[in-house]
Amino acid sequence: MLSRVANSVYWLGRYLERSENYSRFIDVNFNLMVDLPPNVKEQWEPLIRATGDYDLYIKNYDSFNREDAIYFLAFDENNPNSLYMSVSKARENARVVRENLTKESWEKLNEIYLYVKEGADKQVWKKEDCSQFFMDVKYGIQLLYGIAENSVARTVGWYFIHLGQYLERADKTSRILDVKYHILLPSADEVGSPLDFLQWTALLKSVSGFNFYRRFYGKIEPVNIVELLVLNKYFPRSVFFCLTNAEICLRTISGTTGKGYSNTAEKTLGALQSRLEYQDVNDVISSGLHEYLDALQVKLNNISDAIHDNFFKLNPNDMNQNNLQE
Amino acid sequence: MFSDPYDSVNHYDEMLAADGTCREHYLPFLEMIKNVPVEKLKQLQYTTDKAQMAMGMTFNVYHDKQGIEKILHLDIIPRIISASEWNKIEAGLKQRIYALNLFIQDIYNDQKILKDRVLPRELIESCPGYLKQCNGLTPPKGIWCHITGTDLVRDKDGEFYVLEDNLRCPSGVSYQLESREIIKRVFPNLLSKMGVAPVSNYPSRLLNILQFLSDKKKPVVGVLTPGVYNSAYFEHSYLALAMGVELVIGQDLVVMNERVYMQTTSGLQQIDVLYRRIDDTFLDPLAFNPESLLGVPGIYSAYMAGNIALANAPGTGIADDKAIYAFVPKIIRYYLDEEPALSNVRTYICSEKKDCEYVLAHLDELVVKETNAAGGYGMMIGPRASNSERQTFKKLIKSNPRNYIAQPMLSLSTVPTLVDSNLEPRHVDLRPYVLYGEEIEVIPGAFTRVALKRGSLVVNSSQGGGSKDTWVLQQ
């Protein structure tokens, strides 16, 4: 596969995952706010912190009210990670490599883009209930995944899309856990209160993990939630699950079988994956969850850089120009 | 349904004769559409617009603040061509392309046509499309113009005339193919009932002629695009997808030892044939325009060494010059010793003294065109131009006569087109596509462009034109 195309499909995977996450985050938070007791203020600040764009937000907005927050997260063109920008960039990447996608996948993605654009024109963030819009986007992206699942051939491109998707998901899961955990833990006096329950439930729902958690762990306990989101082997949004699958993609791409690694991307990713494989939740919490997640995010960035260096870097063809002139 | 009055007298209308009766080959269509309420037609048109948007059938417009992606309006009323008319067009195009290919080969090699003084040497040497670098070169299989999109118009006399040959990088074929997919859904039963020739195998025919250029058993083929911001990017990616080949930009390619390689995730892979959609002079900064960032340094030397085939071959622009165009009938007679089956539009060449005097004296009657421009730019429609525009062109022609030709104003034929709640006559042209491989094939269909403004004759998509599906009947 062309290096430039591989780069584009990798980012296509990342932006799609980001778009789906944002739709779900907004939808879940919106529903959480609806459930809040009358005397509790709406909380959008934690969500904005979780996206990593807090600094950008406070530069442009005075308060964390619902309209501003939803606008910022979903439609603001000055926020490079807003839903609109992510969907646009996913589509732009798809457009660049359209010949590598199936017609159905491209058309579905194009439709999602047009739908989000229409939402911006209709000023969805001002609606009393904008939940439906974000659910539609989320289902649209899931439908796209379904179409791809049954129509895209399992060649290198497929694995680059999923490599991007899993790394993005690992990053988002770790971020939302980091922020929410910090906000939720200090309220020790509220442990077991209905509000506390709502908040933890919302965290689980924002990663589509509520039902599975119930079956697997039962009672809501912070330590189990950490385990689910970081180390669980079966849950498709846990950091460990994402890394394991990202590693499978990477090894399929480079054709590496057996033990060991064949390039620096495999080395950094493999090292992180196996570290998590042999940890339990106490290892995660003992030295401080925040520190743990911070270090994790740095490693994820290193993996992304290594992938770039190994697969996407182009030799500028003007270098050859010099060679030819010699 | 038809606007009242519907003018089929002052122009040749493709559906209605001057007395208002329906032409025979349009009868089944009229029978069907008569029973469709106008509201239903409008709804079909609406669905068509939506379908185009969803398919991302967009083109990019330069310098347009309205956003860069636009849809080419597709009118649901098809343009229908009878089998007998088509046979004539097909034969004429085959003859013309065959002769033009011989002409290009001759110009870059023996120059017999110049030695025999059929064509003035200065005209060739002053042609911007003439590439000295191609002198002495014979491209793979001796084919220069693999893909042609000839522009034809039908004048008031009902005859088709060739307006432009477009032998460089003609675009629009993807719209022809996608439009058919949409219109099939609009009139699901009619196409087979009327015996409309299918066009959907164009991509596989295109792939055949490209593979034919290499002697390898399984040559690697690619489409070279200037990139996603090019106005025809949709088409480039569409064709690459439909042929199942790589779509590459200049930066994907490197040249080593006079061979061209793609940079892939598993290293370098040699490429054998490129359908390039980049103009000649941007192809290789080492051989042509040193400023070009779009091309591939060294690709021309690989081409000369015979290690890569390019379609169309660099240098075809020589036959695409509007001053050379005037000589095409002579070119056909010279190489084939046959009369041209398709007529040219009478053309005055401003570099010829007598012609130039005539042009300057009749600016209010003529259409003046730059010899090397395309897309409806660099032209003046005399009868519709203001006095000051005519004065401007007068000065331009005088200062550089080689750069201009003039033609009498043609009356383009019309086709009923859905405008608000009526079918109104709108002017159209016709661009069939011709592929030159083992033999010359004309795809039985065309990209019909329609000027959507009442009375307008400018059909270019960059200037507010739309399109129609073109049905070529097999019987």
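Q: How many helices and strands are there in chain B?
A: In this predicted model, chain B has 14 helices and 24 strands.

Q: Why is chain B called as compact as a globular protein of its length?
A: Set the value against the rule: the radius of gyration is 23 Å, and the globule rule gives 23 Å for 475 residues, so chain B comes out as compact as a globular protein of that length. As for extents, the C-alpha trace spans about 65 × 60 × 50 Å along its principal axes.

Q: What makes a residue of chain B count as buried, and what percentage of the 475 do?
A: The cut-off is 20 or more other C-beta atoms within 10 Å of the residue's own. In chain B, 45% of the 475 residues count as buried.

Q: Among contacts in chain B between residues at least 6 apart in sequence, what percentage join residues at least 24 apart?
A: That's 69% of those contacts.

Q: What makes up the contact of chain B with chain A?
A: A pair counts when the C-beta atoms lie within 7 Å. The contact takes 26 residues from chain B and 24 residues from chain A. On the chain B side, elements giving two or more residues include α2 (38-55), α9 (233-243) and β10 (259-264). β9(B) gives the most, with four residues.

Q: Which classes of residue does the side of chain B that touches chain A have?
A: By class, that side has 16 nonpolar, eight polar and two charged residues.

Q: Where are the domains of chain B, and what separates their centres?
A: The assignment divides chain B into domain 1 (201-311) and domain 2 (347-408). Taken over C-alpha atoms, 37 Å separate the centres of domain 1 and domain 2 of chain B.

Terms used:
Residues numbered from 1 in each chain as written. Chains lettered and ligands numbered in written order. Predicted model: local features only at pLDDT ≥ 70, side-chain atom pairs only at ≥ 80, totals over all residues. Rg over C-alpha atoms; globule rule 2.2 N^0.38 Å. Buried ≥ 20, exposed ≤ 12 C-beta atoms within 10 Å, placed from the backbone. Contact = placed C-beta atoms within 7 Å. Nonpolar A, V, L, I, M, F, W, Y, C, P; charged D, E, K, R; others polar. Domains from an automatic or database assignment.
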